[in-house]
Amino acid sequence: MANQVIGKAKIKIDGVSYDTAGDTTLDLGGPNRTPVEGDYEEGAFQEGAAKPSKLEFNALTKASFSAIAFGAIRDATISVEFDNGQSYVIRKAYAEGRPSMGTGDGKAKCVAFGKAAEQVR
């Protein structure tokens, strides 16, 4: 897998698997840095408040998928496993809200936030 890049994701929220349909995006979160200009030196920065992680994915809207249940997620543990072998955990995660669903593609756009993601392998 040395040359393989991310192409697919497996997502579990509190042990429940979600059927994904491509377009998964994980913003790892963590320290937020702001550049500070100097008179004679560049490259300085200030470190501000930590940014939360953000997970966005399309879930297949099968009969087993519940937009209401997803929207109710609070204080959850999310695991994200990419097909290139990288895996991440997001703790204290919560759903942004109930995802919108459409008949055009049979998908729901799910968004969750949490503590900065931790790489587990």
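This is a predicted model: local features need pLDDT of at least 70, side-chain atom pairs count only at pLDDT 80 or more; totals for chains, interfaces and linings use all residues.

Colleague: Where is Y94 found, and what is it in contact with?

Modeller: Y94 is found in strand β8, and, if we leave aside its neighbours within four places in sequence, it is in contact with I73, R74, V111, A112, F113 and G114. With G114, which is 20 residues apart from Y94 along the chain, the separation between the C-alpha atoms is 6.2 Å.

Colleague: And S87, is that buried or exposed?

Modeller: S87, which is also found in strand β8, a strand covering residues 87-95, has a relative accessible area of 6%, so S87 is classed as buried, the limit being under 20%. Not counting residues up to four places away in sequence, S87 touches V80, E81, E118, Q119, V120 and R121.

Colleague: Changing topic, how many aromatic pairs does the structure hold?

Modeller: There are 6 aromatic pairs in the structure. One of them is formed by F57 and F70, an edge-to-face pair with 6.0 Å centre to centre and 80° between the planes. This pair links distant parts of the chain, since F57 lies in strand β6 (residues 53-60) and F70 lies in helix α1, 13 residues apart.

Colleague: Why do F57 and F70 count as buried?

Modeller: F57 counts as buried because its relative accessible area is 0%, and F70 is buried with a relative accessible area of 0%. Another edge-to-face pair is formed by F82 and Y88, at 6.3 Å centre to centre with 70° between the planes, and both F82 and Y88 are buried.

Colleague: Which residues do ring pairs link into a cluster?

Modeller: The cluster linked by ring pairs consists of Y18, F57, F65 and F70.

Colleague: What about the largest pocket, what is its volume and how many residues line it?

Modeller: The largest pocket has a volume of about 220 Å³ and a lining of 13 residues, with V16, S17, Y18, S64 and F65 lying nearest its centre.

Notes. Residues are numbered from 1 along each chain as its sequence is written. Side-chain values use heavy atoms; hydrogens and water are left out. Helices (H or I, at least four residues) and strands (E, at least two) are DSSP runs, numbered from the N terminus. Buried means under 20% relative accessible area, exposed over 50%, partly exposed in between (1.4 Å probe, protein chains only). Contact means heavy atoms within 4.5 Å. On a 1 Å grid over the protein atoms alone, a cavity is a set of points where a 1.4 Å probe fits but cannot get out, and a pocket is an open set with protein on both sides within 12 Å along at least five of seven lines; lining residues have an atom within 4 Å of a point. Grid points are joined across faces, edges and corners, and a volume is the space filled by probe spheres set on the points. Rings of Phe, Tyr and Trp (its six-membered ring) pair if their centres lie within 6.5 Å; planes under 30 degrees apart count as stacked, over 60 as edge-to-face and the rest as tilted.
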